[in-house]
Protein chains: 2
Amino acid sequence: MLYNYERLHKFCFHIFERMGCSAEHAQLASNVLLAADLRGIDSHGLARLLGYVRLWEVKRINVLPSMKIIHETPSTATLNADAALGLVAAPYAMKIAIEKAKNVGSGWVAVKNSNHFGIAAYHAMMALEHDMIGFALTNASPLVAPTRSTERMLGTNPIALAIPAGFEAPFVADLATTTVSNGKLEILERKQKNAPLGWVQDATGEPTTNPSILRQGGALLPLGSDEQRSSYKGYCLGSIVDIMSAVLSGAGFGPWAPPFVSFLPLPTEPVGEGLGHFVGAWRVDAFRPKEDFKKSMDIWIKRFKKAKPINPNEPVLIPGEPERLAEAERLKNGIPLIEPVVNALKEVGQKFDLPFESFS
Amino acid sequence: MLYNYERLHKFCFHIFERMGCSAEHAQLASNVLLAADLRGIDSHGLARLLGYVRLWEVKRINVLPSMKIIHETPSTATLNADAALGLVAAPYAMKIAIEKAKNVGSGWVAVKNSNHFGIAAYHAMMALEHDMIGFALTNASPLVAPTRSTERMLGTNPIALAIPAGFEAPFVADLATTTVSNGKLEILERKQKNAPLGWVQDATGEPTTNPSILRQGGALLPLGSDEQRSSYKGYCLGSIVDIMSAVLSGAGFGPWAPPFVSFLPLPTEPVGEGLGHFVGAWRVDAFRPKEDFKKSMDIWIKRFKKAKPINPNEPVLIPGEPERLAEAERLKNGIPLIEPVVNALKEVGQKFDLPFESFS
């Protein structure tokens, strides 16, 4: 069924307010969460609201955080997010990075003691209106086995980069460093279909097409799928994201990253505080007059759109294009929510005496 | 056959000097080129010396460059490399980045009007002795088709990141954003073996196992292999490297990147100058006391080494580990060069009246 964006946003806003967030934070967190639903990244939007509420219930989310810069240079900072919603901590960090980039050409903020931050693209895209290139990384719950291992050591650890253009729409990359994210497996499970080989392995490290294998000790595979097709490169990229987000900031890294689900225990001997992010921005005109850069980016985008297609009905896509089209369509026609998500939202509404139905 | 490192280095140094390089540049270029041979990246070392000489013969390499910073902020710069050897331009740019990082926490240099720079890891690793995280990207000759296309639009565009540790060896990632590099195909060709599916496609975009397909209009595939296994992520990463290296600096980007082989024509309507690189460094202690960071990195590395292996004889590797072991072994026992490479070196020696045999 389709739901109106404004109404879903209002529901989400009121839930965060009832949890105790300030109006400003509730607004921001709702913007970030709903940006995922608008852009078609359904796994990272309202589908996770109940998850955030449960983390708050077990006191892992602080709705009135006192976020502090604990280390700083002209182009860098480290932020202790005080167990804030990542949805709030990451935009706060990105604002600091943008200010630093205004002053010295680039700005970088490592964040510790945070929680899941929604879609990485939201934070990277904050740089665009300032004619900057935005960058966002985060570590996440361990679900991914390194090449040659059966053990879940890394999260789906995304890399996002947003690059402004001139007349063309911006280039917006946002990719999990695994073959696919967990959300794609859940879709197959619901449809009772098999996964292609190269997405997951079972508990012994054997390739499998079982989309439910993560609940049986299996693991997601790094981008590349198997060693012959260079999955160690995906493992390497996921490791870089883990180190930049969590080792550099002082957060929980690798298998010690705190799990998103509230029923799993936290590491008994933590190596850092909470989850980590790494965000940053380069000012375009710190390298080249911005008009020249934008003209070249327009040429780049137009040329790649015209790259000779294998199938004339499937043209080459520019990163961010499918998400931008989804956003336009969903703003107009509404956001599709599947029944399990609607049920979860109803459960959230009941917790706070805010019936979901009254918003939809 | 095995060749002594010192002797190969001496030969290489004298060749660059005879080309007209200063002793300083000849030394540096030989260091970078031989670092590839030492680290086991045979495709990027002496195997390419003849290629560089041929580029110089057609006047595409300037052995007495006047490299200039043409744009600058406290944390960024753009360098016009004046058609220098990339082997010389990239370390020059990296030194600027390191100085900037000393001053303001991080430093970033975009380079245009350059040539191939050898292995990206060399440049990223320059940051390690300063307790910085080093970063290096470059675009390259177009050989890679974006997902859904038959056209070669991108190079193998590598990403390198070097991260210091404490007692453990540093974490050194250096990965082409394709399933495999061209060098791995050449090895299969020589052995007359087929390539696994997912490495290359033919001129019509069909999957193929023919390792010679690049000479018949085929293309390398982006990391991920096919659309079902998310090759658009590899395409996206390769695009990021292209834009950061070449659009940001003002070099030739995408299909306009100048080809490494001297017999291919340069683009008739260039969109920028030469090849582009992007290098940078973050000071570790711009985020966290360096002792704390190094202690955490040691924990990270030790834990990942102990990740439960699928096969007890194949432990999980840390990025940079195989290359470090190769370097130790080859420094001791010599560098293996295959016959075609030795023949190419003999040809180079003849051009300059420096018999290769007299150095081996």
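Tutor: What follows is a set of questions about a predicted model, each answered by setting a value against its definition.

Student: How do you know how chain A and chain B are related?

Tutor: Chain A is superposed on chain B by a rotation of 180° with 0.0 Å of shift along the axis, and the RMSD is 0.0 Å. The two copies are therefore related as by a two-fold rotation axis. The same surface serves both copies, since 100% of the contact residues of chain A recur in chain B.

Student: Which residue of chain A comes closest to the rotation axis?

Tutor: A:Gly224, whose C-alpha is 2.2 Å from the axis.

Student: Why is A:Arg229 called buried?

Tutor: Buried means under 20% relative accessible area. A:Arg229 has 18% relative accessibility, so it counts as buried. Its place is the loop between β10 (219-220) and α7 (231-247) of chain A.

Student: What does A:Arg229 touch?

Tutor: Beyond residues up to four places away in sequence, A:Arg229 touches A:Gly224, and from chain B it touches Thr179, Pro196, Leu197, Gly198, Trp199, Leu223 and Ser225.

Student: What makes the pairing of A:Arg229 with B:Leu197 a polar contact?

Tutor: The cut-off for a pair of N or O atoms is 3.5 Å, and one atom must be able to donate a hydrogen and the other to accept it. A polar atom of the A:Arg229 side chain lies 2.5 Å from the backbone oxygen of B:Leu197, so the distance is within the cut-off.

Student: Is B:Arg288 buried or exposed?

Tutor: Buried: the relative accessible area of B:Arg288 is 14%, and the limit is under 20%. B:Arg288 sits in the loop between β11 (275-283) and α8 (290-305) of chain B.

Student: How far apart are the C-alpha atoms of B:Arg288 and B:Ser230?

Tutor: They are separated by 35 Å, and the two residues are 58 residues apart along the chain.

Student: What sets B:Asp82 and B:Gln192 apart in their labels?

Tutor: B:Asp82 has a relative accessible area of 25%, so it is partly exposed. B:Gln192 has 75%, so it is exposed; the label needs over 50%. B:Asp82 has a positive phi of about 55° although it is not a glycine, and B:Gln192 also has a positive phi, of about 55°, without being a glycine. B:Asp82 lies in the loop between β3 (76-80) and α4 (86-104) of chain B, while B:Gln192 lies in the loop between α6 (182-191) and β8 (200-201) of chain B.

Student: How do you know whether the span of helix α2 of chain A is as expected?

Tutor: The expected span is 1.5 Å times one less than the number of residues. Helix α2 (residues 23-38) has 16 residues and reaches 22 Å from first C-alpha to last, close to the 22 Å expected. Its buried residues include A:His25, A:Ala26 and A:Leu38. Among the elements covering them are α1 (5-19), α4 (86-104) and α9 (321-333) of chain A. A:Gly40 follows the helix, with a positive phi near 85°.

Student: What is found at the two ends of α1 in chain B?

Tutor: At the start of α1(B), a side-chain oxygen of B:Asn4 reaches to within 2.9 Å of the backbone nitrogen of B:Glu6. After the helix comes B:Gly20, whose phi is positive, near 115°.

Student: Why is B:Ile240 called buried?

Tutor: Its relative accessible area is 11%, which is below the 20% limit. B:Ile240 lies in helix α7 (residues 231-247) of chain B. Leaving aside neighbours within four places in sequence, its contacts are A:Leu161, A:Phe171 and A:Ala173.

Student: Which residues have the most contacts inside the largest nonpolar core?

Tutor: A:Phe278 and B:Phe278, in a core of 104 residues. B:Phe278 touches residues of both chains, including A:Trp282, A:Phe287, B:Trp108 and B:Met244.

How values were computed: Residues numbered from 1 in each chain as written. Chains lettered and ligands numbered in written order. Predicted model: local features only at pLDDT ≥ 70, side-chain atom pairs only at ≥ 80, totals over all residues. Heavy atoms only, no water. Least-squares fit on C-alpha atoms with pLDDT ≥ 70 in both. Contact = heavy atoms within 4.5 Å. Core = buried A, V, L, I, M, F, W, Y, C linked by side-chain atoms within 4.5 Å. Buried < 20%, exposed > 50% of the residue type's maximum accessible area, 1.4 Å probe, protein only. Helix = DSSP H or I, 4+ residues; strand = E, 2+ residues; numbered from the N terminus.
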